[in-house]
Amino acid sequence: MRKIGIIGGMGPETTLEYYEKLIDLARKHLGEYVYPEIVIYSVNFSEMIPLMEKGKWEELGRKIVSIFSSLKDIGCEVLALATNTVHIALEHFQKPDGLVHMIEEVSKYSSEMELKKVLLLGTKYTMLSDLYPRYFKKEGIKVLRPDGEDLEIVNEIIFEKLVNGVLDEMDKKKLEMIMKKGVERGAEGVILGCTELTLFKYDVPVPLIDTVDIHVKAIFERSIA
């Protein structure tokens, strides 16, 4: 098996999910006591938020690329970034060797589901960037985003609650309402385009595209290929 290196910590709860889900997959597919070697580099997210707020994506990207280099130096061959938003920063650089790119994997998965139009939820940075639309366009899929006020509501729930590990049932209901508005606009699926959004279990009439699940499975498959 190839050693896995994950940059996490931007949402500690979902970083834990990466570890737990990788171990579950190993137990299911590799047999008793066979676990992947996993190195988790947990970053100080408070240092990254100001860079995002000021639009300094290239500076943020340099930090991420440097961490990936450190992970490769200690033998990690499969690399992953456990957050949707910070993938924006990677667009300024050549893709590191061994990187399992979250948005690439999610777009392929959505194509396999034969979806043609999806609603994207995430941080305002993710929802307003061309990151998802660009990758999904290659698969012939149109990406919708919430309208003005709803976009701000989603962003607020993520940064003020979910990143801090606070799960509020009223927030879940707000998110479900926004998802249902997207369905009314023709969305055939909803991308949970922030790893923290996967912490809730939603009741909506279309498939939910769980970026954590999709990413973790792709990481695992790359590690045993």
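Here is a short chat about the cavity and the aromatic pairs in this predicted model.

Colleague: How many cavities of 30 Å³ or more does the structure hold?
Modeller: One. The largest cavity comes out at about 80 Å³ in volume.

Colleague: Which residues line the largest cavity?
Modeller: M10, F45, M52, T83, T85, V86, T123, I158, F159, V163, C194 and E196. That lining divides into eight nonpolar residues, three polar and one charged.

Colleague: Switching to rings: how many aromatic pairs does a search of the whole structure find?
Modeller: Four. One of them joins Y125 and F159 edge-to-face, with 6.3 Å centre to centre and 85 degrees between the planes. That pair links distant parts of the chain, since Y125 sits in helix α6 (residues 124-128) and F159 in helix α8 (residues 148-160), 34 residues apart.

Colleague: And what cluster do the ring pairs make there?
Modeller: W57, Y125 and F159 are linked into one.

Colleague: Is Y125 buried or exposed?
Modeller: Buried, because its relative accessibility is 15% and the cut-off is under 20%. F159 is partly exposed at 22%.

Colleague: OK, what about Y132 and F136, why is that pair tilted?
Modeller: Their planes are at 50 degrees, so the pair counts as tilted; edge-to-face would need over 60 and stacked under 30. The ring centres are 5.5 Å apart.

Colleague: Where do Y132 and F136 sit in the chain?
Modeller: Both are in helix α7 (residues 131-137), four residues apart, so about one helical turn separates them.

Colleague: Buried or exposed, for Y132 and F136?
Modeller: Y132 is buried at 0% relative accessibility, and F136 is buried at 0% as well.

How values were computed
Residues are numbered from 1 along each chain as its sequence is written. This is a predicted model: local features need pLDDT of at least 70, side-chain atom pairs count only at pLDDT 80 or more; totals for chains, interfaces and linings use all residues. Side-chain values use heavy atoms; hydrogens and water are left out. On a 1 Å grid over the protein atoms alone, a cavity is a set of points where a 1.4 Å probe fits but cannot get out, and a pocket is an open set with protein on both sides within 12 Å along at least five of seven lines; lining residues have an atom within 4 Å of a point. Grid points are joined across faces, edges and corners, and a volume is the space filled by probe spheres set on the points. Ala, Val, Leu, Ile, Met, Phe, Trp, Tyr, Cys and Pro count as nonpolar, Asp, Glu, Lys and Arg as charged, and the others, Gly among them, as polar. Rings of Phe, Tyr and Trp (its six-membered ring) pair if their centres lie within 6.5 Å; planes under 30 degrees apart count as stacked, over 60 as edge-to-face and the rest as tilted. Helices (H or I, at least four residues) and strands (E, at least two) are DSSP runs, numbered from the N terminus. Buried means under 20% relative accessible area, exposed over 50%, partly exposed in between (1.4 Å probe, protein chains only).
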